[in-house]
Amino acid sequence: MGLTQMRKYRIKEIWKTLQGEGVMAGRAAVFVRFVGCNMWSGYEQDRNTDARRNKAACPIWCDTDFTKENSHFYTAEALVNEMCRIGGKIRFCVLTGGEPLLQADAALIQALHQEHFEVAIETNGTLSLKDTFTINDQLYPPDWIVCSPKLPDEQLRIEYCDELKLVVPDYLPAQYPLLAERIRTTKLRPALHLPTCWLQPEDGTRKEAAQYLAIQAALEHPTWRVSVQTHKILDIP
Ligand code: SF4
C-alpha cells in the first residue's frame with residue numbers, strides 16, 4: 001500500500017446542506033469540515049495570543065468549531081464513501097475548516113473526482129495550491145476555490161481563486177488589490193459576468209456596523225457585492 005493510500009484526514013463533521021454564499025448559493029452540497037487552522041487553535045483561551053502571534057483579526061471573532069474533539073480519521077476512500085452515504089445523489093462538495101489546505105491533497109481530489117464530485121474549497125489563502133495539490137509533478141487542484149483572506153495581501157501564497165470573500169469590517173477591498181488580480185473566473189469566462197468579489201458583514205456583536213460598512217464599501221468599489229448568507233435566512237445548518 002502506497003503512502004498516499006495510507007494517509008488519513010482528520011474530519012470534524014460531514015453534512016448535507018445548501019451552499020449559503022457566493023456564486024454557488026442555493027446549490028445542494030456535501031460539506032466536509034477539516035480539523036485545524038493556522039490562524040487560531042480553536043480554543044477560547046488562545047484567541048488573543050493567536051491573534052497577536054499571527055497578526056490576524058479573525059481569531060477574535062471566529063465562530064467555527066474545528067477542534068479535534070469528536071473528530072474522526074478517514075482515508076480518502078473512506079471519506080468519499082461517507083460523503084456518498086450522507087449526500088446521496090449530491091455530487092458537489094465543499095471542503096472547509098478551519099483551514100482545509102493543511103490536510104487536503106491531490107490524492108483526495110483524485111478520489112473525489114473518481115466518484116464524480118465537483119470539488120469546491122474554502123481557504124484563507126495562506127497556502128500554495130501548487131504545493132498542496134501536486135502529485136508526481138501533476139497538479140490536481142479543486143474545481144472551485146473560494147478565498148477569504150485573513151492576512152495582508154503580500155503574505156498570501158495562494159496562486160489564484162474563483163471567488164474572493166472579505167469579512168467586513170476587519171478586511172476591506174482597498175487592502176487586497178493583488179489578490180483581486182488573481183481571480184481566474186472572470187478571466188476564464190468573462191462573458192458570464194459572474195460576481196466574484198464579496199463583502200461579508202461579520203455576524204456578531206458588530207453586525208449592524210459591519211452591514212453599514214459593507215454597503216458603503218460596495219458603493220465605493222462597484223466590482224464588489226454585499227454577500228447575503230442565505231442559509232441563515234432559510235435557517236438551515
Ligand atoms: S482562518 Fe477562518 S477558520 Fe481559521 S480562525 Fe480565521 S476565520 Fe476561523
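**Entry 1: a bridge partner.** Which residue in β9 is the bridge partner of Cys147? I looked, and the partner is Leu164. Before going on, I noted that this is a predicted model, where local features need pLDDT of at least 70, side-chain atom pairs count only at pLDDT 80 or more, and totals for chains, interfaces and linings use all residues. Residues are numbered from 1 along each chain as its sequence is written.

**Entry 2: around β9.** I found that β8 (residues 144-147) and β9 run parallel and are joined by two bridges. On to β10: five bridges join β9 (residues 163-168) to β10 (residues 197-201), and these two also run parallel. Within that pair, Lys165 has Trp198 as its bridge partner in β10, and Val167 stands opposite Gln200. I checked the cover on β9 too, and five of its six residues are buried. (Buried is 20 or more other C-beta atoms within 10 Å of the residue's own, exposed is 12 or fewer, and partly exposed is in between; C-beta atoms are placed from the backbone.)

Entry 3: I traced nine strands in an open sheet with mixed pairing, in the order β3-β1-β2-β4-β5-β8-β9-β10-β11. Two strands pair if DSSP finds at least two bridges between them. Strands here are DSSP runs of E with at least two residues, helices are runs of H or I with at least four, and both are numbered from the N terminus.

**Entry 4: Thr123.** Is Thr123 buried or exposed? I got buried, with 27 other C-beta atoms within 10 Å. Thr123 lies in β5 (residues 118-123). Leaving aside neighbours within four places in sequence, Thr123 is in contact (C-beta atoms, placed from the backbone, within 7 Å) with residues including Glu99, Ile145 and Cys147. Leu164 turned up again: its C-alpha atom is 9.9 Å from that of Thr123, though they are 41 residues apart along the chain.

Entry 5: Lys55 has a positive phi of about 55° and is not a glycine. I found Lys55 in the loop between α2 (47-54) and α3 (58-61), and it counts as exposed with 11 C-beta neighbours inside 10 Å. His116 has a positive phi of about 70°, and is exposed as well, with 8 other C-beta atoms within 10 Å. Then the cis bonds: one joins Gly97 and Gly98, with omega about 10°. Another runs from Val168 to Pro169, with omega near 20°.

**Entry 6: the ligand.** What surrounds the ligand? I listed residues including Cys37, Trp40, Gly97, Gly98, Glu99 and Lys150. (A residue is near a molecule if its C-beta atom, placed from the backbone, lies within 6 Å of it.)

Conventions
Contact = placed C-beta atoms within 7 Å.
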